[in-house]
Structure formats: structure tokens, C-alpha cells
Amino acid sequence: MKRRLTAHYEMIADNEGNRYQFFCDLSGALGCTTKPFRGDTPEKELLLAWEKEGRAEFNHCHRCGKWVSDVMYNADVLECVECAPWEEQPEYCLQCGHKISPSDKHCPRCGSALKYEGR
Ligand SMILES: [Zn+2]
Ligand SMILES: [Zn+2]
């Protein structure tokens, strides 16, 4: 899989430049909104915003290359929870990030099957 430079993002035009919102590649949850940045090219500007602010809020999966938030990251193995599911049921839906209870088999919000190993 192609290595991605940043998490999924959206740009917001601002008087002083462009702000960037970065989203978790797995849950789609908003990770951070940066202050305005200006760059010589759109690509340079994006990377600047990512390096200065965005990146600190995300974890890089060493297997699939996704950028994910803390709750979607298995820090023991440095992989996202899609590549390395928790052994216990996670507290959050992997699709939408909705909080779930231990008895749930499906996410109450998006209805996706909750995957985890064991038991
Ligand atoms: Zn992964
Ligand atoms: Zn869900």
C-alpha cells in the first residue's frame, strides 16, 4: 500500500492562510484543527501544517500506513487496531468512534460488527 504523508484532511480558508483539519483514517474522528498556514504551494502548505501541528495528534500504523488517533492505535505493536485488534473488546467502534459497551456485538450508532479477538 502506498505510504500516505498525512491523515485525511480538509482545508478551511482563513484571512491569514489556510487552516487544516486532520481526521483519523479509521474512525473519521477529528484529530485537530491547525492555526492558519501559508506555503509556496498547496502541497508544501499542507505538509507544513501537518508537521507543525497535525502529526503530534496521530499515530502511524507500521503495517498499513494509516494515520490514526490514540483510541484507534494499538501502541504495543505500533499498528492500528484494524491490523492489530485488541484482545479485549475495544471501548470504541472502529468504524465511527462511537463509545460502546462490553455487551454490544454491533455498534449502536452505525451498526457495524465489532471485531476483536479472543473469547
Ligand atoms: Zn494498520
Ligand atoms: Zn459505529
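Strand S1 (residues 8-14) and strand S2 (residues 17-23) are paired in the antiparallel sense through 7 bridges, in a model that is predicted. The two strands form a hairpin in which 2 residues lie between S1 and S2.

The hairpin of S2 and S3 has 6 residues between the strands, and in it Gly28 adopts a positive phi near 80 degrees. As a general point for reading such strands in the structure, side chains in a regular strand alternate between the two faces of the sheet.

| Strands | Bridges |
|---|---|
| S1 (residues 8-14) and S2 (residues 17-23) | 7 bridges |

On the scale of the whole protein chain, the domain assignment gives domain 1 (8-80) and domain 2 (85-119). The C-alpha centres of domain 1 and domain 2 are 24 Å apart, and the contacts between them involve 7 residues of domain 1 and 5 residues of domain 2. On the side of domain 1 that touches domain 2, the residues comprise 4 nonpolar and 3 polar ones, with no charged residue among them.

Notes: Residues are numbered from 1 along each chain as its sequence is written. Chains are lettered from A and ligands numbered from 1 in the order in which they are written. This is a predicted model: local features need pLDDT of at least 70, side-chain atom pairs count only at pLDDT 80 or more; totals for chains, interfaces and linings use all residues. Two strands pair if DSSP finds at least two bridges between them. Helices (H or I, at least four residues) and strands (E, at least two) are DSSP runs, numbered from the N terminus. Domain bounds come from an automatic or database domain assignment. Two residues are in contact if their C-beta atoms, placed from the backbone, lie within 7 Å. Ala, Val, Leu, Ile, Met, Phe, Trp, Tyr, Cys and Pro count as nonpolar, Asp, Glu, Lys and Arg as charged, and the others, Gly among them, as polar.
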